[in-house]
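Have the viewer open as you read.

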Amino acid sequence: MSLSEKLAGKTAIVTGAAQGIGRGIALRLARDGAAVVLTDLKKDKLKAVAAEIEAFGGKAHVQTADVSQREDVFAAVQDAAKVFGHVDIMVNNAGIAQVGAVLDATAEDVETIFRINVQGTLWGIQAAAQAFKNQKSGGKIINACSIAGHEGYAFLGIYSATKFAVRALTQAAAKELASSGITVNAYCPGVVGTDMWTEIDRRMAETTGAEIGETYKKYVEGITLGRVETPEDVAGFVSYLASTDADYMTGQSVMIDGGLVFR
């Protein structure tokens with residue numbers, strides 16, 4: 001596939017880019033002309049994604065980072081600015097899922113998922129905003145939310161709480177950063193055919209006694225468009241949010257789920 005000029009001259013950072021939705025977003029932004037900085041803890045997988053991007057003529061740079069560590073996120077953004085001269089788009093995609101009853105959640109469970117899903121997003125917002133302000137430019141901050149950020153799901157209660165928190169951060173940051181020309185939005189996928197949903201299904205089976213594959217099948221059957229979501233479905237919407245077409249959009253957490261949840 002040839003490169004487009006949609007994001008030509010832009011630099012985008014994608015956290016959690018080693019696989020799944022993050023990989024899909026990174027590939028799409030690169031195809032749309034952006035230089036992409038790939039961050040994750042899985043360096044070998046990051047290198048493989050970078051090789052994919054370079055194979056079709058795109059620009060990619062690998063930076064290992066743990067989003068739960070504020071200094072790692074700030075270092076990744078600073079490194080991106082050094083390598084490509086500026087940063088324009090920050091995609092706070094990294095996150096984990098957790099399955100279990102609300103009554104069974106431990107302090108460790110809650111701390112772990114909030115540190116990655118909520119604090120990781122917050123550090124990304126802070127680091128990107130600092131870079132944009134230092135450049136005296138506007139910018140795009142795009143956060144990973146979920147349909148679980150619009151509706152709490154049984155046995156996904158703590159995960160849902162983190163995604164409700166991401167919606168709140170998205171709204172608050174949009175209001176605080178608008179005067180600096182920075183927009184903040186979020187994408188809310190549904191059931192995406194990735195390793196994360198394979199793990200959710202397996203853990204649901206352990207927790208509820210359902211057969212392996214049953215939970216996944218139940219949710220997919222509820223999708224109006226009649227098929228499971230792909231990373232490419234999500235990536236197309238993120239590309240829109242990253243582009244000038246979305247310049248008048250901020251503070252929104254938009255569901256892109258094939259018609260699973262309606263609001």
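## Starting at Val 91

Val 91 touches Ile 13, Val 14, Thr 15, Ile 25, Leu 29, Ile 142, Tyr 187 and Val 238, leaving out residues up to four places away in sequence. Contact here means heavy atoms within 4.5 Å. Before going further, a word on the ground rules: this is a predicted model, where local features need pLDDT of at least 70 and side-chain atom pairs count only at pLDDT 80 or more, while totals for chains, interfaces and linings use all residues. Residues are numbered from 1 along each chain as its sequence is written, and side-chain values use heavy atoms, with hydrogens and water left out.

Buried means under 20% relative accessible area, exposed means over 50%, and partly exposed is in between (1.4 Å probe, protein chains only).

## The whole fold

Zooming out, the protein has 8 helices and 7 strands. These are DSSP runs numbered from the N terminus (helices are H or I with at least four residues, strands are E with at least two). The radius of gyration is 18 Å, close to the 18 Å that the globule rule gives for 263 residues, so the protein is as compact as a globular protein of that length. For the record, that radius is taken over C-alpha atoms, and the rule is 2.2 Å times the number of residues to the power 0.38. The C-alpha atoms fill a box of roughly 55 × 40 × 35 Å along the principal axes.

Of the 263 residues, 49% count as buried. Take the contacts between residues at least 6 apart in sequence: 71% of them join residues at least 24 apart. The protein exposes about 11900 Å², with carbon and sulfur atoms supplying 53% of it; the areas come from the Shrake-Rupley method with a 1.4 Å probe, and for residues only the protein chains shown count as cover.

Is Ser 239 buried or exposed? Ser 239 sits in helix H8 and is buried, with a relative accessible area of 0%. Its contacts, apart from neighbours within four places in sequence, are Lys 6, Arg 28, Leu 29 and Asp 32.

Ala 35 belongs to strand S2 and is buried too, at 7% relative accessibility. With neighbours within four places set aside, Ala 35 contacts Lys 10, Thr 11, Ala 12, Lys 59 and Phe 84.

## Loops and positive phi

Most residues other than glycine have a negative phi. Lys 136 has a phi near 60°, which is positive. Lys 136 lies in the loop between helix H4 (107-135) and S5, and is exposed at 77% relative accessible area. Phe 155 also has a positive phi, near 70°. Phe 155 is in the loop between S5 and helix H5 (157-177), and is partly exposed at 32%.

The loop between H8 and strand S7 (253-256) holds Thr 244, which is exposed at 59% relative accessibility. The C-alpha atoms of Thr 244 and Lys 140 are 9.6 Å apart, with the two residues 104 apart along the chain. Asp 245 is in the loop between H8 and S7 as well, and counts as exposed at 57%. From Asp 245 to Gln 126, C-alpha to C-alpha, it's 24 Å in space and 119 residues in sequence.
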